[in-house]
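Here is a short report on one protein chain. Look at the structure first, then read on.

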Amino acid sequence: MNKISKKLAAYFIISFLVLESVLMMYLHQNIVHTRVDEEYSRLLASGSNHRNVLIDYYSDETITHIVLMEIEGDRGVVITGKSGEIIRSSDTKLENLLPSLEFLQDSANQNDRIIKQDWKDSPYIISAHPYKIDENNSGYVLMFQSSEPIERLVQKLNFHFGLAGGAIIVILFVIYTILSKFLTRPLIRMKEATEKLSEGKFDVSLPIGGNDELGELSIAIRKLANDLEKMKKERNEFLASISHELSTPLTYLIGYLKVAMRHDLTEEERNSYLMIIAEESNRMKDLVKNLMDLAKMDERAFVVTKENTSSEKFAKDIYRLVEPSFALKNVNLNLICKDDFSIHADPVRLEQVVLNLLDNALKYSNENTTVRFEISKVQNQTVISIADEGIGIPEEQIDMIFEKLFRVEKSRSRTFGGSGLGLAIVKELVEAHGGSIEVKSEFGKGSRFTIKI
């Protein structure tokens, strides 16, 4: 029983059958007891009526009349005397079923009562009705009711309840078929869809379900298929990008190393080639570092250890670190830090964020332009702003620049050395601080990145 449809049917049928059995047993016993109580009541009423007639009109003719009334049918009567002797009976077979002589002679038994009520093990139920005419004429009117009508009723009840039970089982199997069609069939299709996903086939088609758990599961599987297809595409782009990014500096390294090893070079030419080799080596180092950060980002492994840092010291340290690179490209870097306040953040990670943004600003800025690096306190938040006058970002691509491996223009990124990892890492680090980052840009006029922590 490995299929959910069979398990569902088994659980449903067993639960329903248990409930049905309990209810049917209760109903069956209740009907039988009600019928038996009716027979007791009728027997007591008939016996009491005969006893009253006998007391009012005591004579042999009255006794004969009472016996004749019960001589046919399912009932019988036996009339006894004071000493327990039988005066008259409607059937001689009933005389062998009389209660003990001690009971018949016991003067304490003066009420109508059922003296034998075990209809299952006895062919009759018996009621006793004492009468007393005078000191010499007294005894019992004993009524006998055959238990066959009750047994026939029980047999009919057993038949009809068994028939109803069989019909319910058939109905349950019909319900199981319907459940299997409307519940388990979508599950089977979802199982087939997940098997296709595991084989790398993402073009799964599932019916649009209703507003229930199956519908939600169908939507989730389709979303998973789309996400997996997107991840596969990103992986392929990632591998292609990394292959290109690594192959380019490696080609330069190998080529310039071979050239630098030539013996006919002047010292100035050799130093020039070694400088290029150093630049390409640094480019490879940065790329590998970004790849490591990307791996950490996928694993949510960024560790942020916050502490209080002076804003002025933090800004000036970064300025001293990057200003020579800006000067080398003839780009003016303006630092604006009007007040010295405390920054509650991880200084190493925050420095990584700012350096990444400044590096982007430098890459995409032309000569004789200005980059503004501003840090301030606004409503208990540290606000860091980096604005350039570079080439900018097209409006339709601004929302995608923080995605992993996204590059505004692949040809432009190759020209400037971008790998599409830096801004994704920046966003992840800022959010790890509980902050936010936003960008405003106009294509051809520059960009402004604002961090709030």
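## A threonine in strand 6

T309 sits in strand 6, which spans residues 307-310. Helices (H or I, at least four residues) and strands (E, at least two) are DSSP runs, numbered from the N terminus. This is a predicted model: local features need pLDDT of at least 70, side-chain atom pairs count only at pLDDT 80 or more, and totals for chains, interfaces and linings use all residues. Residues are numbered from 1 along each chain as its sequence is written, and side-chain values use heavy atoms, with hydrogens and water left out.

Is T309 buried or exposed? T309 is buried, because its relative accessible area is 18%. Buried means under 20% relative accessible area, exposed means over 50%, and partly exposed lies in between (1.4 Å probe, protein chains only). Leaving out residues up to four places away in sequence, T309 touches F314, F341, S342, I343 and P347. A contact means heavy atoms within 4.5 Å.

## The chain as a whole

The chain holds 10 helices and 12 strands. It has 453 residues, and 37% of them are buried.

Two strands pair if DSSP finds at least two bridges between them. Axes here are lines fitted to C-alpha atoms, for helices over the stretch in contact, and angles run from 0 to 180 degrees between N-to-C directions.

Strand 1 and strand 2 make a hairpin with 5 residues between them, and G84 in the turn has a positive phi of about 90 degrees.

At another place in the sheet, strand 3 and strand 4 are joined by 3 bridges and run antiparallel. R113 stands opposite A128 in strand 4.

## An aromatic pair

How many aromatic pairs does a search of the whole structure find? The search finds 2. One of them joins Y124 and F144: the ring centres are 6.1 Å apart and the planes stand at 85 degrees, so the pair is edge-to-face. Rings of Phe, Tyr and Trp (its six-membered ring) pair if their centres lie within 6.5 Å; planes under 30 degrees apart count as stacked, over 60 as edge-to-face and the rest as tilted.

This pair links distant parts of the chain, with Y124 in strand 4 (residues 124-132) and F144 in strand 5, 20 residues apart. Y124 is buried, with a relative accessible area of 18%. F144 is buried too, because its relative accessibility is 0%.

## Two packed helices

Two packed helices are described by the angle between their axes and the distance between the axes. For helix 7 (residues 311-328) and helix 8 (residues 347-363), the axes come within 11 Å and cross at roughly 30 degrees. The two helices are therefore roughly parallel to each other. Angles under 35 degrees count as roughly parallel, over 145 as roughly antiparallel, 65 to 115 as roughly perpendicular and the rest as oblique.

Which residues meet here? Helix 7 brings F314, I318, L321, V322, S325 and F326, while helix 8 brings P347, L350, E351, V354, L355, L358 and L362.

A second open sheet has 5 strands in the order 7-9-10-12-11, and its pairing is mixed. Its edge strands are strand 7 (332-336) and strand 11 (436-442), each pairing on one side only. The twist averages 10 degrees from one strand to the next.

Helix 8 packs on this sheet and touches strand 7, strand 9 (370-378), strand 10, strand 11 and strand 12. The direction of helix 8 makes about 20 degrees with that of strand 10. Strand 10 (residues 381-387) and strand 12 (residues 446-452) pair in the antiparallel sense over 5 bridges. V383 stands opposite K452 in strand 12.
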